[in-house]
Amino acid sequence: MRSYSRKRHLLLMVVLISSDSDALRVRSVSSRNRGLFAFGAAPRRHVPKRTQTISQLPAVPSRAEGSEDGVLSPDVYQSIYTRAATKAQTSSSDDSFESSTPWDIGGPQPTIRKSYQAGDFYGRILDCGCGAGENAVYLAQQQLLQSSLASSTALPEITSVVGFDLVPEAIDTARTRAISAEVPNGFLQFHALSCDEINVPGSPLRDQPKFDVAIDSALLHCLSDTIAQTYVSQLSQLLKPQTGRVFVGCFNDLNPEAGWSNPRRLSEGYLRELFCEERGFEIVDLREVW
């Protein structure tokens with residue numbers, strides 16, 4: 001049984017140099033005190049009593065069965081969220097939804113909390129593959145609380161949060177959670193949208209103001225090489241040139257291959273190739289954490 005909280009992860013932070021590949025410049029950027037985000041890299045004290053395990057996810061189909069790069073099809077995630085939503089509607093348990101989705105811990109990722117307190121999230125936030133909205137709702141709540149307190153030690157202001165996910169049932173749950181948290185609709189929005197269609201004609205994100213920060217909480221390691229390349233290229237078009245940042249957390253390839261099913265284990269080299277200058281990115285920091 002592999003616990004999501006005990007696996008080895010890579011932290012990645014990149015800054016968008018430019019959305020125009022002809023204007024790329026290599027810059028030296030300090031990586032100190034960046035408060036980088038890692039999926040599932042919680043200290044032991046944050047691990048919930050109900051431990052989620054990788055074995056709860058289906059086995060990856062073989063390439064002969066239509067699995068590109070050894071990843072699960074979108075239909076698998078759709079079915080998991082559909083079952084979770086159905087169970088939540090018929091259960092009296094508060095954590096019935098999370099107990100049916102092996103990647104949810106019943107709240108925001110602990111490192112999201114830490115990074116917020118470090119002031120790493122500001123301006124317009126895009127939560128990529130937001131799932132049921134735990135991280136997005138948390139950030140919206142914290143900003144509204146900070147605004148009401150008017151503290152002299154105020155953190156950088158978050159002006160809006162937008163989340164997207166492939167699965168409509170996940171988005172429905174996220175919207176319900178936002179309503180329960182009494183977050184104004186204009187401040188927090190969710191869209192059912194595939195990550196390879198975030199900047200195509202008709203996308204609700206295409207004509208919005210550019211984002212300051214994008215958070216990828218374990219979306220990237222669920223994608224095939226082809227989809228990942230399209231996703232990252234389109235994401236660069238949604239971020240502010242020169243200042244836009246992406247925080248990514250994923251499983252790394254130092255996890256043993258034997259018995260590993262999914263998500264994918266991504267190497268440092270793969271991430272450096274994906275978030276390359278040709279796609280408008282500069283890697284600021286990349287590190288391994290638990």
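## A residue in the core

Leu220 touches Ala228, Tyr231, Val248, Leu266, Leu271, Leu274 and Phe275, leaving aside residues up to four places away in sequence. Contact here means heavy atoms within 4.5 Å. The model is predicted: local features need pLDDT of at least 70, side-chain atom pairs count only at pLDDT 80 or more, and totals for chains, interfaces and linings use all residues. Residues are numbered from 1 along each chain as its sequence is written, and side-chain values use heavy atoms, with hydrogens and water left out.

## Overall layout

The protein has six helices and seven strands. Helices (H or I, at least four residues) and strands (E, at least two) are DSSP runs, numbered from the N terminus. Along the sequence they follow the pattern β-α-α-β-α-β-α-β-β-α-β-α-β.

Of the 290 residues, 53% are buried. Buried means under 20% relative accessible area, exposed means over 50%, and partly exposed lies in between (1.4 Å probe, protein chains only). The accessible surface comes to about 13300 Å², and carbon and sulfur atoms hold 48% of it. These areas come from the Shrake-Rupley method with a 1.4 Å probe; for residues, only the protein chains shown count as cover. Among contacts with a separation of 6 or more, 80% join residues 24 or more positions apart.

## Two nonpolar cores

A nonpolar core is a set of buried Ala, Val, Leu, Ile, Met, Phe, Trp, Tyr and Cys residues joined through side-chain atoms within 4.5 Å. The largest has 31 residues. Leu126, Leu220, Tyr231 and Phe275 touch the most other members. At least two residues each come from β2, β3, α5, β6, α6 (268–274) and β7 (281–289). Helix α5 gives the most, with five.

In soluble globular proteins, nonpolar side chains tend to be buried together.

Cys128 lies in strand β2 (residues 123–128). It counts as buried, at 0% relative accessibility. Its contacts beyond four places in sequence are Phe164, Ala214, Ile215, Asp216, Ser217, Leu219, Tyr231 and Leu235. Cys128 and Asp216 are 88 residues apart along the chain, yet their C-alpha atoms are separated by 5.1 Å.

Helix α2 (residues 110–117) has buried residues Pro110, Thr111, Ile112, Ser115 and Tyr116. They pack against α3 (134–149), β3 (158–165) and β5 (213–217). Just after α2, Gly119 takes a positive phi of about 80°.

## Positive phi in two loops

Most residues other than glycine have a negative phi. Glu182 has a positive phi, near 60°. It sits in the loop between α4 (168–180) and β4 (188–192). Glu182 is exposed, with a relative accessible area of 70%.

Gln242 also has a positive phi, near 75°. Its loop runs between α5 (225–238) and β6 (245–251). Gln242 is partly exposed, at 33% relative accessible area.

## Confidence

The average pLDDT is 75, and 69% of the residues score at least 70. pLDDT is the predictor's confidence in each residue, from 0 to 100. Confidence is lowest in strand β1 (residues 9–16), at a mean of 63, and highest in β2, at 98.

Two stretches call for a note. Over residues 1–6 the pLDDT stays under 50, and the model has 29 contacts for them beyond four places in sequence. Over residues 18–67 the pLDDT is below 50, with 136 contacts in the model beyond near neighbours in sequence.
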